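This report walks through a few features of one structure, taking salt bridges, a strand and a pair of helices in turn. Please keep the sequence and the 3D view open while reading.

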Amino acid sequence: MFLKLTLGSLAARRLTIFLTVLSVLVSTLVVLGVEHIRLEARNSFSKTVSGVDLIVGARTGQINLLLYSVFRIGNATNNISWQSYQDISKRPGIAWSIPMALGDSHRGYRVMGSTSDYFRHFRYGNNQPLELNGDAFTDFRSAPDTQPLPDFAAVLGAEVAARLGYPHGHEFTVAHGLGATSFSVHDQHPFTVTGILAPTGTPVDQTIHISLESLEALHQAGPMPASVTAFLLGLESRLQTFNLQREINNYSQEPLLAILPGVALSELWQLMSVAELTLSLISGLVMVSALLGIATMLLSTLQQRQREIAVLRALGARPLFIFLLIQAEALVMTATGMLAGIAALMAGLTLTADMISQQFGIFVSAQVLQTGTLPYLAAILLLTVVLATIPAARAYRQSSAMKLND
Amino acid sequence: MTSSSSTHAISIRDLHFAWRTGDADLLQISQWQIRAGERVFLHGPSGSGKSTLLNLICGIATPDKGSVTIAGTELGGLSGSQRDRFRARSIGVIFQQFNLIPYLSVLDNVRLAATFTGLPGGTDQRAAGLIEQLGLNSARHTKACHLSVGQQQRVAIARALLNSPPLIIADEPTSALDAAARDAFISTLLDCSAQAGSTVLVVSHDHSLATHFDNTVDLRALNRVLVSRGRVTDDVP
């Protein structure tokens with residue numbers, strides 16, 4: 001009967017309740033949306049690269065280098081000469097190196113020139129290797145005696161293949177620059193898809209991988225590039241990391257910057273924390289205002305419900321029952337708004353996931369209900385109880401002092 | 001809790017009451033008793049304390065001095081929640097109008113009376129029986145807000161009788177009814193109460209109802225405050 005009274009009372013004021021629930025829905029959308037995207041962005045960023053000891057690029061800020069080299073966000077301020085890359089990558093203690101040359105694209109997807117070492121050594125997530133379906137391109141690193149020759153083979157990231165619908169053997173041309181539409185197309189050298197990578201949930205999925213030789217041939221130079229955008233280094237011993245970093249940062253031939261991915265990520269989070277805090281604060285205030293709306297609505301309707309409360313009291317309902325009835329109404333409204341908000345957020349994320357990953361390189365899951373977001377839901381319900389205490393306590397006092405003929 | 005007299009549905013002794021501490025007494029009743037099964041009509045002018053007396057009998061208010069004993073239970077000896085529970089189990093209340101929860105069905109409005117008794121279920125069958133007895137079967141699933149005033153008052157009777165309480169109190173129950181509906185309502189109330197063995201106390205300023213009852217009481221004769229102030233003007237001729 002308690003539930004019938006709660007739901008019946010709400011249904012009797014359905015228009016007011018609908019608008020109130022709508023405000024909770026929007027607030028939930030904002031609170032969980034901000035928090036979920038924040039957590040997903042962190043998760044997405046931290047799993048993008050694994051096992052890389054140093055990232056080397058032209059001298060710039062370490063966050064900028066991290067963003068353009070690993071996350072394909074933004075552009076390099078300068079390139080590194082091929083000579084410097086070769087010099088550093090052949091130093092003792094370096095287990096492997098992956099050069100990266102960025103700057104071309106195909107229908108909005110970045111084209112990255114690299115070596116076949118990329119498929120052997122690059123790791124993501126929890127030290128997971130790339131899974132290649134088909135063949136990698138052939139380059140001077142494919143075998144000890146391989147000559148540097150362009151093969152115009154391309155390995156597609158999972159999303160590129162899925163979105164563009166390119167199967168193995170499909171031919172396409174790449175364009176100069178990073179726009180979705182380009183007027184400078186390298187159409188004299190079409191590329192053939194030889195391999196497709198398994199999904200990784202990282203920017204790798206949105207990248208087209210070709211050999212440095214093929215990239216260089218596009219620009220009618222070669223056989224090897226004069227410069228690369230950046231390179232990743234894996235060391236034989238991590239103890240060498242700081243020494244090598246210092247050496248690279250003091251490299252006399254050209255100004256270079258070597259960064260530790262983890263340290264750069266920490267700096268990025270530190271930089272982001274003020275914005276995150278501001279966003280969290282705003283979303284929190286939006287939620288508080290919606291919940292205050294519930295309390296105000298319940299408070300303002302108490303006068304109209306005096307007869308209803310008097311009938312319940314005459315039938316033996318204790319003031320505590322009236323108190324709990326008001327609290328239950330507030331909780332039902334909040335819970336309904338929350339569930340609707342979660343559903344709307346999941347639907348919204350499902351619909352915009354591709355756009356977010358393409359535009360920002362962040363892979364956001366539509367699975368909103370995670371351990372990180374549950375405390376927020378609990379806090380919203382707790383805050384509802386706290387704020388609904390205002391009308392509930394008033395109803396309690398009114399019903400305690402109520403007379404039969406009130 | 002003391003048993004003053006099991007043969008009395010209501011027993012009041014040396015009652016003094018004011019709504020606010022320090023105010024002059026609104027009610028002073030030396031002694032008043034209603035026998036179990038009796039049907040009593042209580043009348044008095046506006047402001048004579050009729051509704052205040054009902055609040056005291058229902059345990060909504062407690063006397064400043066003296067005692068109110070209902071069906072052998074002295075209400076002053078009970079805590080607030082015990083009085084609420086006692087009211088749910090032992091007293092059926094009917095108002096003049098707005099008796100029902102408008103968004104609940106007829107059946108749920110009747111069943112509501114059992115919600116606060118703290119007793120195990122089993123009242124559904126009795127609720128259905130009372131609804132049928134009062135000619136409301138076709139409207140049992142209709143929301144109370146869609147009923148006529150007459151139908152609402154019959155639902156109120158069914159609800160008041162659900163727990164077979166020893167005492168039924170009605171406060172101006174016919175004020176919203178026309179003459180024909182008024183007589184039908186009183187007859188139904190008294191018939192059903194007789195079947196349940198309940199004592200009935202109806203409070204009204206409508207003297208024409210007096211003929212339906214075993215006993216008629218003028219509050220002016222009971223309330224010593226009115227006697228001492230000399231307020232003898234009735235609100236109806």
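With which residue does B:Arg39 form a salt bridge, and how far apart are the closest N and O atoms? The partner of B:Arg39 is B:Asp214, and the closest N and O atoms of this pair are 3.6 Å apart. The pair links distant parts of the chain, since B:Arg39 belongs to strand β3 (residues 39-43) of chain B while B:Asp214 sits in the loop between β8 (199-203) and β9 (215-218) of chain B, 175 residues apart. B:Arg39 counts as partly exposed at 24% relative accessibility, and B:Asp214 is partly exposed as well, with a relative accessible area of 49%. The model is a predicted one, and a search of the whole structure finds 15 salt bridges over all chains. The table lists some of them.

| Salt bridge | Closest N and O atoms |
|---|---|
| A:Asp53 with A:Arg238 | 2.9 Å |
| A:Arg305 with A:Glu308 | 3.1 Å |
| B:Arg39 with B:Asp214 | 3.6 Å |

In the salt bridge between A:Asp53 and A:Arg238, A:Asp53 lies in the loop between α2 (14-48) and β1 (54-58) of chain A and A:Arg238 in the loop between β14 (230-235) and α8 (241-249) of chain A, so the pair ties together parts that are 185 residues apart in sequence. A:Asp53 counts as buried at 8% relative accessibility, whereas A:Arg238 is exposed, with a relative accessible area of 59%.

A:Arg305 is buried, with a relative accessible area of 5%, and its partner A:Glu308 counts as buried at 11% relative accessibility. Salt bridges that share partners join A:Arg13, A:Arg305, A:Glu308 and A:Glu329 into one network.

Strand β11 (residues 191-197) of chain A has 5 of its 7 residues buried, so it is largely enclosed by the rest of the structure. Strand β8 (residues 153-156) of chain A runs parallel to β11(A) and is joined to it by 4 bridges, with A:Ala154 partnered by A:Val193. Strand β7 (residues 132-134) of chain A is antiparallel to β11(A), with 3 bridges between them, and here A:Leu132 has A:Leu197 as its bridge partner.

In chain B, helix α3 (residues 106-115) packs against helix α5 (residues 149-161) at an angle of about 35 degrees, with the axes 7 Å apart, and the crossing is right-handed. The contact is made by B:Val106, B:Asn109, B:Val110 and B:Ala113 of α3(B) together with B:Val155, B:Ala158 and B:Arg159 of α5(B), and these residues divide into 5 nonpolar, 1 polar and 1 charged.

How values were computed
Residues numbered from 1 in each chain as written. Chains lettered and ligands numbered in written order. Predicted model: local features only at pLDDT ≥ 70, side-chain atom pairs only at ≥ 80, totals over all residues. Heavy atoms only, no water. Axes fitted to C-alpha atoms, helices over the stretch in contact; angles between N-to-C directions. Helix = DSSP H or I, 4+ residues; strand = E, 2+ residues; numbered from the N terminus. Left-handed = near helix turned anticlockwise from the far one by under 90°. Contact = heavy atoms within 4.5 Å. Nonpolar A, V, L, I, M, F, W, Y, C, P; charged D, E, K, R; others polar. Buried < 20%, exposed > 50% of the residue type's maximum accessible area, 1.4 Å probe, protein only. Pairing = 2+ DSSP bridges. Salt bridge = Lys/Arg side-chain N within 4 Å of Asp/Glu carboxyl O.
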